[in-house]
Amino acid sequence: MSRHRVEVLIRPRPGLLDPEGKAIHHALASLGFQGVEEVRGGKSVSLEVEAKDPAEARERAEEMCRKLLANPVMEDYEIQMAGDDVPEGA
Amino acid sequence: MKISVITFPGSNCDYDCYKALRDVVGVDAEFRWHKDRELGGADAVILPGGFSYGDYLRAGSIARFSPIMEKVVEFAADGGPVLGICNGFQILCEAGLLPGALLRNEGLTFQSHDVHLRVENAETLFTSGYQKGQVLRMPIAHGEGNYHADTETLSRLEGDGRIVFRYVNAEGETTPWANPNGSAHHIAGILNEPGNVLGMMPHPERAVEEILGSTDGLGIFTSLVEHLSATAPAPS
């Protein structure tokens, strides 16, 4: 068993109204940042998961997303393996 | 007859519901803590408003896994009446007892003011004391009340008469300005398919006495109590 760092990105589903992204977009435009085509809000959850290998850590993160971390009615999720083993006590 | 009001960490309308039931309607009510594993023989359950678990992750997403919720889901599956108000509605959606989800308000801001609702279905156990088309006034207080569901779900809700309340203006019309949060089809409250679970964003428990500015919410509690009296087993 080793510890694996997993990043879960959760975003509103495409096509679904994202008022947060829209507000950020407007704010960027008013600050003079031109040419920003689209802004989506969202959140990330960082996990450190004990598992025998990265594949198992990803699988467990998938299960966490399905059960709790994302709501499929309104959100999509993306799992990124941020790195391999995290040394104990890091 | 007894109605349980569930208190989650962060609930803040639990006492309002308790008071509406006990002092105004005059029915036995009790609090149940989210860690309880029994409903204590309740005849109906209310999930009150508030910010359970600080609304972390998504409103209602963590409360949905509270120990008591296992019992609430069983109770609802057995046909027991469950009313979710505001955060309670969000919890019911997260728990899968009602379809859809409540997104961030379209205008991004927290909305705290009175709204007008039109009773779309007065043949439910929660609304039998109202007339279809009646316009009610009661407060809302939420940041995530923008009801969303896929097109198929929405047309099923429409077709089955499961949209119980819609946001309207004082004249009872669904104008854009009357929709405080961007909810699809102006939805303020929906029913599950068997008709024993109602979720609504507005707060009927805050509109039960003249001193609160409106008594229009009282009908929900009296309808429920009337239903329970009618279905209660005859005293032996």
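Me: Buried means under 20% relative accessible area. With that cut-off, what share of the 236 residues of chain B counts as buried?

Reply: This is a predicted model. In it, 57% of the residues of chain B count as buried. For chain A, with 90 residues, the share is 31%.

Me: What makes helix H3 of chain B count as mostly covered?

Reply: Helix H3 takes in residues 87–94, and eight of its eight residues are buried. Among them are B:Asn87, B:Phe89, B:Gln90 and B:Glu94. Just after the helix, B:Gly96 takes a positive phi of about 80°.

Me: How do you know that B:Phe89 is buried?

Reply: The cut-off is under 20%. B:Phe89 has 0% relative accessibility, so B:Phe89 counts as buried.

Me: Why is the pair of B:Phe89 and B:Tyr147 called stacked?

Reply: The search of the whole structure finds five aromatic pairs over all chains. In this pair, the ring centres are 6.1 Å apart and the planes stand at 10°. Rings pair if their centres lie within 6.5 Å, and planes under 30 degrees apart count as stacked. Both values meet their cut-offs, so the pair is stacked.

Me: What makes this pair a tie between parts of chain B?

Reply: B:Phe89 lies in helix H3, and B:Tyr147 lies in strand S8 (residues 146–148). The pair therefore joins parts that are 58 residues apart in sequence.

Me: How do you know whether B:Tyr147 is buried or exposed?

Reply: Its relative accessible area is 1%. That is under 20%, so B:Tyr147 is buried. Beyond its neighbours within four places in sequence, B:Tyr147 is in contact with residues including B:Phe89, B:Pro99, B:Leu102, B:Leu154 and B:Ile190.

Me: Which residues touch the most other members of the largest nonpolar core?

Reply: They are B:Ile3, B:Ile46, B:Leu83, B:Tyr147 and B:Phe165, in a core of 67 residues. A second, separate core has 13 residues, including A:Val8, A:Val45, A:Leu47 and A:Leu69. In soluble globular proteins, nonpolar side chains tend to be buried together.

Me: Why is B:His142 called buried?

Reply: B:His142 has 2% relative accessibility, so it counts as buried. B:His142 sits in strand S7 (residues 135–142) of chain B.

Me: What makes the link from B:His142 to B:Asn181 a polar contact?

Reply: The two side chains meet at 3.0 Å.

Me: Why is B:Val135 called partly exposed?

Reply: B:Val135 is in strand S7 too. B:Val135 has 28% relative accessibility, so it counts as partly exposed. Among the residues that B:Val135 touches are B:His116, B:Val168 and B:Asp216.

Me: How do you know that B:Ser61 is buried?

Reply: Its relative accessible area is 0%, so B:Ser61 is buried. B:Ser61 lies in the loop between strand S3 (44–47) and helix H2 (67–77) of chain B.

Me: What does B:Ser61 contact, leaving aside its neighbours within four places in sequence?

Reply: B:Ser61 is in contact with A:Leu68, B:Tyr56 and B:Glu94. Its side chain reaches the backbone oxygen of B:Tyr56 at 3.5 Å.

Definitions and conventions: Residues are numbered from 1 along each chain as its sequence is written. Chains are lettered from A and ligands numbered from 1 in the order in which they are written. This is a predicted model: local features need pLDDT of at least 70, side-chain atom pairs count only at pLDDT 80 or more; totals for chains, interfaces and linings use all residues. Side-chain values use heavy atoms; hydrogens and water are left out. Helices (H or I, at least four residues) and strands (E, at least two) are DSSP runs, numbered from the N terminus. Buried means under 20% relative accessible area, exposed over 50%, partly exposed in between (1.4 Å probe, protein chains only). A polar contact is a pair of N or O atoms within 3.5 Å; within protein, one must be able to donate a hydrogen and the other to accept it, and residues adjacent in sequence count only if both atoms are side-chain atoms. A nonpolar core is a set of buried Ala, Val, Leu, Ile, Met, Phe, Trp, Tyr and Cys residues joined through side-chain atoms within 4.5 Å. Contact means heavy atoms within 4.5 Å. Rings of Phe, Tyr and Trp (its six-membered ring) pair if their centres lie within 6.5 Å; planes under 30 degrees apart count as stacked, over 60 as edge-to-face and the rest as tilted.
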